[in-house]
Amino acid sequence: MTITPPAAHETFGFYDYYIKKFAADTDLVTALTTIHNDTLALLNPLSNEALNYRYAEGKWSIKEVLQHLIDSERSFCFRAMRFSRNELSVIPGYDVHTFVTSSLADTRTKEDLLQEWELLRNATLLQFKTLHPSVLELSGPARDTQLSVRSIGFLIAGHEMHHINVIKEKYLVQTA
């Protein structure tokens, strides 16, 4: 089954920035796989020292960005599961800065973080691959908007793409 980006009625608001990064004919599984492989190719050669780099005081390290991607993907997948099961009660958001600070990501090894993310991405891919087409447009509340199950998948991919672009632009030019 090919899962293409959401129609306009499936998403609006804060998350559009991430979701609208994909052409209308993009397949979700391909997008998630491609961006993940590109990210791994970018991060694998980096040393632990490079992954602990912060481009300015108060900014996250690359390890913390990676932990943020892991935490966010877990949260988004949970919402997608709930919406696909017609559970539409409001789930409070979380403070990403508190999560990052409390994660102690900089104490983790690169290998540990990447292994966790690889396992999580495989679970995410399986979750979306096995959805019945009839649930893709089901939606529920997220932040100040409504999101469909399908839009959450593209949100995950676009969110990763955004943060990896930030790493390329603000971190890697300094550590090269």
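So, L104: you'll find this leucine in the loop between α5 and α6. Before I go on, keep in mind that we're looking at a predicted model. The backbone at L104 has phi near 55°, a positive value, and the residue isn't a glycine. Is L104 buried or exposed? Exposed: its relative accessible area is 55%, and the cut-off for calling a residue exposed is over 50%.

N86 belongs to the loop between α4 and α5, and with a relative accessible area of 52% it counts as exposed.

Let's stay in that loop for a moment. L88 sits there too, between α4, which covers 62-84, and α5, which covers 96-103. L88 has a relative accessible area of 40%, so we call it partly exposed. What does L88 touch, once you leave aside its neighbours within four places in sequence? The contacts are F83, S139, G140 and P141.

P92 has 65% relative accessibility, so it goes down as exposed. If you pair P92 with R79, 13 residues apart along the chain, the C-alpha separation is 11 Å.

Okay, on to helix packing. Two packed helices get described by the angle between their axes and the distance between those axes. The pair I want to show you is α2, residues 28-43, and α6, residues 110-129. How do these two run relative to each other? The angle is about 175°, and the axes are 10 Å apart. Angles over 145 degrees count as roughly antiparallel, so that's what α2 and α6 are. Who's making the contact? On the α2 side it's L28, V29, L32, T33, I35, H36, T39, L40 and L43. Facing them from α6 are K110, L114, W117, E118, R121, T124, L125, F128 and K129. Sort the residues of that contact by type and you get 10 nonpolar, four polar and four charged.

Now let me zoom out to the whole chain. We've got seven helices and two strands. In what order do they come, from the N terminus on? It goes α-α-α-α-α-α-β-β-α. The radius of gyration is 16 Å, close to the 16 Å that the globule rule gives for 176 residues, so the chain is as compact as a globular protein of that length. If you'd rather think in boxes, the C-alpha atoms fill roughly 45 × 30 × 25 Å along the principal axes.

A few more numbers on the chain. Of its 176 residues, 50% count as buried. The chain exposes about 8800 Å², and carbon and sulfur atoms supply 55% of that. And what about contacts across the sequence? Take the ones between residues at least 6 apart: 79% of them join residues at least 24 apart.

Conventions
Residues are numbered from 1 along each chain as its sequence is written. This is a predicted model: local features need pLDDT of at least 70, side-chain atom pairs count only at pLDDT 80 or more; totals for chains, interfaces and linings use all residues. Side-chain values use heavy atoms; hydrogens and water are left out. Axes are lines fitted to C-alpha atoms, for helices over the stretch in contact, and angles run from 0 to 180 degrees between N-to-C directions. Helices (H or I, at least four residues) and strands (E, at least two) are DSSP runs, numbered from the N terminus. Angles under 35 degrees count as roughly parallel, over 145 as roughly antiparallel, 65 to 115 as roughly perpendicular and the rest as oblique. Contact means heavy atoms within 4.5 Å. Ala, Val, Leu, Ile, Met, Phe, Trp, Tyr, Cys and Pro count as nonpolar, Asp, Glu, Lys and Arg as charged, and the others, Gly among them, as polar. The radius of gyration is taken over C-alpha atoms; the globule rule is 2.2 Å times the number of residues to the power 0.38. Buried means under 20% relative accessible area, exposed over 50%, partly exposed in between (1.4 Å probe, protein chains only). Accessible areas come from the Shrake-Rupley method with a 1.4 Å probe; for residues, only the protein chains shown count as cover.
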